[in-house]
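Keep the viewer open and follow along.

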Amino acid sequence: MPDNKKREFTSFQTGANYDSRMHIPADVAMVYGINNDLPKKVEGWRKAGYTIQLMTGVAWGEYKDYLYGQWDGKNHWDEAQRERNGEIIGHGVDVPYMAPSITYGLYLADGVKRAIDQGIDTIFLEEPEFWVRAGYSESFKREWQSYYKEPWQAPYSSPEAQYRASKLKYFLYRRALQQVFSEAQKYGKTKGMNVRCFVPTHSMINYAQWGIVSPEHSLAQLEGCDGYIGQVWTGTARTPNLYRGVLKERTFETAFLEYGVLSNLVKGTGRRMIYLNDPVEDQARDWVDFKMHWENTLVASLLWPEVFHYEVCPWPERPFTFKYPAKAGQPESRISKEYETELLTVFHALGYMKQPKFKWESGMQGVGVLVSDTLMFQRFEPFTGDPHLSCFFGQAIPFIKAGVAAQPVQLENVLLKDYLKPFKLLCLSYEGQKPPAAELHAPVVEWVKAGGTLLIVDAGNDPANKVREWWNTGEHSYATPMDHLLELLGLPAGCEETIKTVGKGHVIISRKNPTALAADPKGAAELIALAQKGFSLMRRKWTAEPAFVLRRGPYVVAAALDDVDRPASLQLKGRFVDLFDARLPILDGITLKPGDRKLLVDLNAASKSPGLIACAGKCEGVEFSGGKMTLRVEGPVESQGAALLRVPKRPSRVSGAEWVYDEATRTLTLHFANKPEGVVIEVE
């Protein structure tokens with residue numbers, strides 16, 4: 001039978017059978033894979049009380065029966081993605097990345113139907129990924145001929161060939177996903193089920209960094225696509241980028257932008273966005289490293305208040321059962337009790353981030369950087385002049401470091417009503433990306449004429465300006481797509497650096513390449529000065545401080561930025577609970593120093609009524625009867641549980657936990673040993 005739907009705010013994916021060490025606070029367990037062991041995994045996690053959903057790979061997986069012909073009697077190794085030298089791009093032994101054919105889509109649909117037979121009505125097809133360095137398999141050559149009606153061209157042979165190869169890769173995975181969605185939902189109806197379909201995907205920014213093409217924006221146009229999981233984690237966010245000429249990891253800033261582009265991907269579409277967090281990451285390191293980077297990415301994700309669904313952990317088997325060095329160079333050990341309790345506390349809190357009220361206390365709003373999916377199309381041979389994606393980061397990182405909560409704005413979405421309305425200033429470059437359609441320019445022009453400032457940072461010499469595309473074919477004969485936009489703005493083609501009034505708004509043009517700005521120690525200051533000029537033209541005040549502080553109901557999310565000229569030292573007044581501290585201490589005021597990342601509960605903003613404030617375990621609330629408060633908490637075996645309650649008075653008796661009472665806040669802090677079957681605590 002289908003699972004009874006309860007809460008779906010938090011989830012995790014796992015390829016393992018149920019294990020009491022992984023009994024974490026979350027609503028949904030996404031069992032992984034469509035192989036023969038699926039029924040056993042489903043049964044175990046369902047008995048443990050989780051709503052069951054399915055996740056499986058779309059670009060790769062344990063699909064040997066397809067590759068070797070057991071499924072349909074035909075060998076399909078010619079669909080493996082191949083590099084220029086003929087080597088297969090693999091994800092493991094006999095697990096290649098696929099160049100998806102129509103037959104492959106049907107194979108995946110068959111596997112999904114087996115999950116539907118298990119009563120699973122929510123399907124996640126993850127990571128539709130086609131490497132930019134691929135495009136040399138026989139199947140891809142056939143698809144080229146079918147799609148373009150002309151002979152295949154080696155992607156490395158010219159900018160146009162690489163760009164067109166990426167467009168085809170984009171199309172092939174959109175087609176494959178549409179096949180599976182359609183087949184799954186049609187089959188579900190025969191079972192009386194309404195099957196939902198989601199796509200877990202990295203951010204378009206990360207895919208562009210790593211040289212991968214994925215049909216990001218176009219997935220929202222698929223029939224039957226209910227939403228995404230935005231896969232941002234330490235491994236993506238710690239990819240180095242250039243700022244003021246220095247190449248290094250900037251995990252918080254990169255994660256903020258990655259989560260941001262994913263948030264803007266679904267705005268106005270009605271689709272759900274689920275944010276991924278990962279307490280460990282794919283690459284084995286040490287617990288100190290894991291914790292620091294997880295806190296960075298977690299805080300970055302919480303600074304996007306429109307999103308309130310979370311995949312709290314992709315593989316709980318890693319943090320809760322694997323061993324890693326405590327610090328670099330030390331022996332391997334299991335997770336510390338403190339970090340384990342911290343994770344459980346935050347997992348629980350993530351289930352309550354749907355807060356109707358939120359307020360920015362620091363983090364200037366109204367600035368965006370326009371980005372298109374075509375950012376993924378120019379990331380390999382013969383496009384080799386921007387290895388760190390500075391065409392984007394050269395525009396975006398300076399704003400973040402200045403304390404401007406700049407949003408990556410999906411260019412393909414500007415046709416949606418009021419999509420650009422929240423923005424006062426937009427930054428745009430066609431270095432490293434191109435507008436996929438001419439009609440996207442008109443809404444941008446209308447926004448400028450209504451009073452916005454468009455800051456164009458574009459040298460105009462990108463080699464992809466010459467690819468066969470809409471701006472130089474058919475009725476159009478523009479040297480660059482920017483010339484088309486300039487014409488609509490009433491400015492001459494190839495316009496040099498200038499500041500012009502257009503309607504009620506303004507256009508500022510800099511003929512600098514964002515890549516050059518990122519490499520220049522003074523480039524960030526140059527960009528910010530132009531943006532400040534734009535605000536002065538609009539008679540608006542520039543109020544940026546190098547820190548982000550967002551209130552989401554009783555939760556306070558804070559990040560004080562480092563590597564800035566004028567560090568912030570902010571004081572948060574009140575009494576707070578630090579959810580990154582396993583002890584759940586009550587703090588009288590918080591001072592934010594550069595580099596600090598905080599997730600707090602403001603006790604002055606939390607409910608004054610008796611009840612649960614925080615919990616390191618799975619707990620749905622407190623029951624009240626005859627002057628007694630009772631709560632039941634579930635958690636991984638042998639983990640250390642904790643809870644914070646608001647109580648009417650100092651208790652006379654507490655059973656099931658050690659406790660500390662705070663008179664000033666009328667709160668009770670509890671500590672106890674977690675149990676998967678549940679610990680019952682009574683307070684009188």
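What follows covers a helix, the nonpolar cores, a sheet and some salt bridges. Bear in mind that this is a predicted model.

**A covered helix**

Start with α12, which spans residues 390-401 and so has twelve residues by the numbering used here. From first C-alpha to last, α12 reaches 15 Å, close to the 16 Å expected at 1.5 Å a residue. Is this helix covered or open? It is mostly covered, with twelve of its twelve residues buried. That list takes in Phe392 and Phe399, but also Gln395 and Lys401. After α12 comes Gly403, which has a positive phi, near 90°.

In soluble globular proteins, nonpolar side chains tend to be buried together. Here the largest nonpolar core has 178 residues, and Phe392 and Phe399 touch the most other members. Which helix gives the most to this core? That is α5, with eleven residues. If you click on Phe392 and leave out residues up to four places away in sequence, you'll find it touching Ile205, Leu257, Val369, Val371, Leu375 and Pro408. There is also a second, separate core of 27 residues, and its members include Ala437, Leu489, Cys495 and Ile509.

Look at β19 (residues 453-457) and β21 (residues 505-510): they pair in the parallel sense over five bridges.

**Salt bridges**

How many salt bridges does the structure hold? The count is 48. Three of them are set out here.

| Pair | Closest N to O |
|---|---|
| Arg7 and Asp27 | 3.6 Å |
| Lys628 and Glu682 | 3.6 Å |

Take the Arg7 and Asp27 salt bridge to begin with. Arg7 is in the segment before β1 (10-14) and Asp27 is in the loop between β1 and β2 (28-32), so this pair ties together parts that are 20 residues apart in sequence. Arg7 counts as partly exposed because its relative accessibility is 28%, while Asp27, at 14%, counts as buried.

Glu183 is partly exposed, at a relative accessible area of 21%, and Lys186 counts as exposed at 52%.

Then there is the salt bridge between Lys628 and Glu682. Lys628 belongs to strand β29 (residues 628-633) and Glu682 to strand β34 (residues 679-683), so they tie together parts that are 54 residues apart in sequence. Lys628 is partly exposed, with a relative accessible area of 26%, and Glu682 is partly exposed as well, at 22%.

Some salt bridges also join up: Arg238, Glu249, Glu281, Arg285 and Asp289 are linked in a network of them.

Key:
Residues are numbered from 1 along each chain as its sequence is written. This is a predicted model: local features need pLDDT of at least 70, side-chain atom pairs count only at pLDDT 80 or more; totals for chains, interfaces and linings use all residues. Side-chain values use heavy atoms; hydrogens and water are left out. Helices (H or I, at least four residues) and strands (E, at least two) are DSSP runs, numbered from the N terminus. The expected span of a helix is 1.5 Å times one less than its number of residues. Buried means under 20% relative accessible area, exposed over 50%, partly exposed in between (1.4 Å probe, protein chains only). A salt bridge is a side-chain nitrogen of Lys or Arg within 4 Å of a carboxyl oxygen of Asp or Glu. A nonpolar core is a set of buried Ala, Val, Leu, Ile, Met, Phe, Trp, Tyr and Cys residues joined through side-chain atoms within 4.5 Å. Contact means heavy atoms within 4.5 Å. Two strands pair if DSSP finds at least two bridges between them.
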